[in-house]
Amino acid sequence: MKPIINLILVLCININLFSQISFTNNDRQQRIIRDMKVLSHDTLMGRKSASKYEWKAGNYIINELNKLKSHQSNINFLPAYDTYRFAFTIKNYENNNKDTTADIIAYIDNNAPYTIIIGAHYDHVGYEIYDSTKGQYLIYNGADDNASGTVGLLELTRHLSNKFLTNYNYIICFWGSEEIGLYGSAYFCQKILPNINVPPIILYINYDMIGSLGYKKNILTIYGTATANNLKDIVPNYYDSVKINKLPTAFPFSDHTCFYANNIPYLYFTTGLPKTYHTIKDEINLINFNGILFTIKLTEHILSQLNPQELQFKKIKLHHYIHTGIALYFKS
Ligand SMILES: [Zn+2]
């Protein structure tokens, strides 16, 4: 029997290597659910910033990127680097330790004249010990904040790396340690962005909490529509039956902040702050998976409509405030 088992194994591996990824709505949603089940699971203990659990969540993301590579997708490391994981040490003001955190960054090179960065933070706020003798914990699984953005970005990455929307190159960023001070994106802007060897970056897209579509009304908010000329016109007022709430700019409380400070326009997608925000009730059972897929498809629609020539960065009134914010994060 053994040779037959070997043959079956070889066949399976080959099928796996060369099969195309399917992008039917159903298949996309199944992958989104699968990713969410892993990233919001109790075993990741709330993916605390700069913890071994954040690192473990990062392992899952890297594994998914490697799987894409084995499907001959157009996904790679950033030029001049040989890893997806960019680890660095931070001074953690919550516990006064020097802790290690990491960004997970990939590059989709379409030989295009312009580059777009898309990011989502994958950390969350961790857990509290309820009764350690009984092994009881209160775990903040952060399904909406921000496993939703992370799984959305993973699925968008699968699509973009399968030679869709090839008018741009894409830098895909999963940020670490957002919750304790936007460290991951600040590290990228400070250490990587100044020397990066890619065609001009024209836009940053941020996913932070995209899992609660419909918790109030059927509204998706997109911040940053005044950060470049014409962005407001490119973003539709409605998509399918969902109203798009277009807001000119956002407070510096997510990872768009340092990009704006570096004169890069941004669009920041979010379904808003539901009551479960930063509570142990932010769980998978409240996630609107259709809403995540909707957000991805809207992003793909907007990417198909962009005209880089018209995307002129625009300074707006809040700029000074945002700039002050980022200076704080850079202090350490
Ligand atoms: Zn968040």
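This is a predicted model: local features need pLDDT of at least 70, side-chain atom pairs count only at pLDDT 80 or more; totals for chains, interfaces and linings use all residues.

Modeller: Residues are numbered from 1 along each chain as its sequence is written, and side-chain values use heavy atoms, with hydrogens and water left out.

Colleague: In what order do the 9 strands stand in the open sheet?

Modeller: Helices (H or I, at least four residues) and strands (E, at least two) are DSSP runs, numbered from the N terminus. Two strands pair if DSSP finds at least two bridges between them. Here the order is β1-β2-β6-β3-β7-β11-β8-β10-β9, with mixed pairing. Strands β1 (85-92) and β9 (238-239) are at the edges with a single partner strand each, so one side of each has no neighbour in the sheet.

Colleague: Which pairs of strands run parallel, and which antiparallel?

Modeller: Strand β8 (residues 219-223) illustrates both cases. With β10 (residues 242-247) it runs parallel through 5 bridges, and Thr221 has Asn245 as its bridge partner there. With β11 (residues 266-270), β8 runs antiparallel through 3 bridges, Tyr223 standing opposite Tyr268. Tyr268 also stands opposite Asn206, in a parallel pairing of β7 and β11 that has 4 bridges. Strands β3 and β7 are likewise parallel, joined by 5 bridges, and Ile117 is partnered by Tyr204 in β7.

Colleague: Why is β7 said to be largely enclosed by the rest of the structure?

Modeller: Buried means under 20% relative accessible area, exposed over 50%, and partly exposed in between (1.4 Å probe, protein chains only). In β7, 6 of the 7 residues are buried, so the strand is largely enclosed by the rest of the structure.

Colleague: Which residues are the protein donors of the zinc ion?

Modeller: Donors are N, O and S atoms within 2.8 Å of the metal (3.2 Å for Na, K and Ca); water is not among the atoms, so sites may look incomplete. The protein donors are His121 (NE2), Asp145 (OD) and Asp208 (OD), at 2.1 to 2.5 Å from the zinc ion. Along the chain they follow the spacing H-x23-D-x62-D. His121 lies in strand β3 (residues 115-121) and Asp208 in the loop between β7 (201-207) and β8, so this pair ties together parts 87 residues apart in sequence. His121 is buried at 0% relative accessibility, and Asp208 is buried at 5%.

Colleague: How many disulfides are there?

Modeller: A disulfide is a covalent bond between the sulfur atoms of two cysteines. The criterion is a pair of cysteine sulfur atoms within 2.5 Å, and the count is 1 disulfide. Cys189 and Cys258 form it, with their sulfur atoms 2.1 Å apart. The link is right-handed, with 60° about the S-S bond. It joins distant parts of the chain, Cys189 in helix α5 (residues 183-192) and Cys258 in helix α7 (residues 257-261), 69 residues apart. Both Cys189 and Cys258 are buried.

Colleague: Is Cys173 buried or exposed?

Modeller: Cys173 is buried, with a relative accessible area of 0%. Cys173 is in no disulfide, and the nearest cysteine sulfur, that of Cys189, is 8.9 Å away.
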